[in-house]
Amino acid sequence: MSEPSKKLSDPRQLLEGYLDYYREEILRKLDGFPEPEVSRVPTGWTPAAMLKHLAYVERRWFQWDFAGEQVADHMGDRDEEGALVATESLEELKDVYLAACERSRQIVARAQLSDVASQIGRFQPPKEPPTLGWIMFHVLEEYMRHAGHLDIARELAEN
């Protein structure tokens, strides 16, 4: 998948296009990653744990926060100290990740960028809930940052 067309000007099409582009980019960066369950950084996170984290990012922001759906263990990507963890194989995590991305697309398809998040998740009163457009932009920013983290981890793994 390539970046969205440079001719796009519609904010919704740009956000949806770039989210899908970076969702695919994460999988491309993990494809053929040597030992994705092994950490190469001082914090101890692994590329597999990063994929699990991104599946939970999708669940937290789109399902729980925006749509107000009940999400079991919305922080299941972290241990008691808040570190990213994964005990599942990369293949298992890919299935979880792809399902979370698909559910997010379904939620986004039913809403407007100006729609406000539910007050079920993190934005219970008196917190001000963000709009869907804000959430999509925030999640996109998180994807871009983590794609860079995977670039560094891959470089460390190959040297």
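Biologist: Which residues in α1 meet which residues in α2?

Modeller: In this predicted model, Leu19, Arg23, Ile26, Leu27 and Leu30 of α1 are in contact with Pro47, Leu51, Leu54, Glu58 and Phe62 of α2. Sorted by class, the residues of this contact comprise 8 nonpolar, no polar and 2 charged.

Biologist: How should I read the way in which α1 and α2 are set against each other, and at what angle do they pack?

Modeller: As a general idea, a pair of packed helices is described by the angle between their axes together with the distance between those axes. Here helix α1, residues 11-30, packs with α2 at an angle of about 160 degrees, and their axes are 10 Å apart. Because angles over 145 degrees count as roughly antiparallel, α1 is roughly antiparallel to α2. The crossing in which α1 passes α2 is left-handed.

Biologist: Is α2 roughly parallel or roughly antiparallel to α3?

Modeller: Helix α2, residues 47-66, and helix α3, residues 90-109, pack at about 25 degrees, with axes 9 Å apart. An angle under 35 degrees counts as roughly parallel, so α2 is roughly parallel to α3. Here too the crossing is described by its hand, and α2 passes α3 in a left-handed one.

Biologist: Which residues in α2 and α3 meet?

Modeller: On the α2 side they include Ala48, Leu51, Leu54, Glu58, Phe62 and Phe66, and on the α3 side they include Leu93, Val96, Tyr97, Ala100, Ile107 and Val108. By class, the contact of α2 with α3 has 14 nonpolar, 2 polar and 5 charged residues.

Biologist: What angle and what distance between axes describe the packing of α1 and α3?

Modeller: These two helices pack at an angle of about 175 degrees, with their axes 12 Å apart, which means that α1 is roughly antiparallel to α3. Among the residues that make this contact are Arg12, Glu16, Asp20 and Arg23 of α1, and Lys94, Tyr97, Ser104 and Arg105 of α3. The contact of α1 with α3 divides into 9 nonpolar, 1 polar and 6 charged residues.

Biologist: Which peptide bond is cis, and where does Glu35 lie?

Modeller: The bond from Pro125 to Pro126 is cis, with omega near 15 degrees, and Pro126 is found in the loop between α3 and α4. Glu35 lies in the loop between α1 and α2, and its phi is near 50 degrees, a positive value in a residue other than glycine.

Definitions and conventions
Residues are numbered from 1 along each chain as its sequence is written. This is a predicted model: local features need pLDDT of at least 70, side-chain atom pairs count only at pLDDT 80 or more; totals for chains, interfaces and linings use all residues. Side-chain values use heavy atoms; hydrogens and water are left out. Axes are lines fitted to C-alpha atoms, for helices over the stretch in contact, and angles run from 0 to 180 degrees between N-to-C directions. Helices (H or I, at least four residues) and strands (E, at least two) are DSSP runs, numbered from the N terminus. Angles under 35 degrees count as roughly parallel, over 145 as roughly antiparallel, 65 to 115 as roughly perpendicular and the rest as oblique. A crossing is left-handed if the near helix is turned anticlockwise from the far one by less than a right angle, and right-handed if clockwise. Contact means heavy atoms within 4.5 Å. Ala, Val, Leu, Ile, Met, Phe, Trp, Tyr, Cys and Pro count as nonpolar, Asp, Glu, Lys and Arg as charged, and the others, Gly among them, as polar.
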